[in-house]
Amino acid sequence: IAAPLARVFAELAEPMRFLGLQPLLTSVREIAASEGARAFEAMERIRLLGPLSMLSWLRVELHPDAAEGRIRFATRAGLGVRLAGAFSLCSEGSCTRVRQSVELHCAAWLRRFVLPRAMRAQQALLANLKQRLESTE
């Protein structure tokens, strides 16, 4: 991403900035979190078939670590769906390389439905982050 590491880090460490980055989110509300963490509740709209969709509440906790250039996250959704992962940032000149790792935990019967949607949403988040930061630099 053609933006300095500090700018990318700030964007990913701020709960309200996820609205517009993560394409499924329709609302975000910051909530109390443990020390050193940021947390938010969000509503996401998940397409089922054609025009049919469902709303799902998420609870996300972010653990930013500026010294490591890393933001860990944990997401809990309905039906026992859990995501755990991190954004790892590395300066490359005036740009920042962003690597994202994500682990999905859910019931086996849900995996076929959740995995492709989660992958598309995470890929879109990174593409939207790049577009947002490069268009405002």
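# Exercises on a predicted fold

Beyond its neighbours within four places in sequence, Phe113 is in contact (heavy atoms within 4.5 Å) with Ile46, Arg47 and Leu48. The model is predicted, so local features need pLDDT of at least 70 and side-chain atom pairs pLDDT 80 or more, while totals for chains, interfaces and linings use all residues. Residues are numbered from 1 along each chain as its sequence is written, and side-chain values use heavy atoms, without hydrogens and water.

## Exercise 1. The chain as a whole

Task: State the secondary structure of the protein chain, the order of its elements and its dimensions.

Solution. 
- Step 1. The protein chain contains 2 helices and 6 strands.
- Step 2. Along the sequence, these elements follow the pattern α-β-β-β-β-β-β-α.
- Step 3. With a radius of gyration of 15 Å, close to the 14 Å of the globule rule for 137 residues, the protein chain is as compact as a globular protein of that length; the radius is taken over C-alpha atoms, and the rule is 2.2 Å times the number of residues to the power 0.38.
- Step 4. The C-alpha trace spans about 45 × 35 × 25 Å along its principal axes.
- Step 5. Of the contacts between residues at least 6 apart in sequence, 41% join residues at least 24 apart.

## Exercise 2. The nonpolar core

Task: Identify the residues with the most contacts inside the largest nonpolar core, and describe the surroundings of Val8 and Phe18.

Solution. 
- Step 1. Buried residues account for 36% of the 137 residues in the protein chain.
- Step 2. At least two core residues come from each of helix H1 (5–13), strands S1 (25–31), S2 (38–47), S3 (53–65), S4, S5 and S6 (95–105), and H2.
- Step 3. H2 gives the most to this core, namely 5 residues.
- Step 4. Residues up to four places away excluded, Val8 touches Ile1, Ala3, Leu89, Thr96, Val98, Leu129 and Leu133.
- Step 5. Phe18 is located in the loop between H1 and S1, and its relative accessible area of 6% makes this residue buried.
- Step 6. Phe18 and Ala42 are 24 residues apart in sequence, with their C-alpha atoms 9.4 Å apart.

## Exercise 3. Two loop residues

Task: Are Leu79 and Ala67 buried or exposed, and in which loops do Leu79 and Ala67 lie?

Solution. 
- Step 1. Leu79 occupies the loop between strand S4 (70–77) and strand S5 (82–92).
- Step 2. Leu79 has a relative accessible area of 60% and is therefore exposed.
- Step 3. The phi angle of Leu79 is near 60°, a positive value in a residue other than glycine.
- Step 4. Ala67 is found in the loop between S3 and S4.
- Step 5. Ala67, at 81% relative accessibility, is likewise exposed.
- Step 6. Between Ala67 and Pro23, which are 44 residues apart along the chain, the C-alpha separation is 29 Å.

Note on methods. Helices (H or I, at least four residues) and strands (E, at least two) are DSSP runs, numbered from the N terminus. Buried means under 20% relative accessible area, exposed over 50%, partly exposed in between (1.4 Å probe, protein chains only). A nonpolar core is a set of buried Ala, Val, Leu, Ile, Met, Phe, Trp, Tyr and Cys residues joined through side-chain atoms within 4.5 Å.
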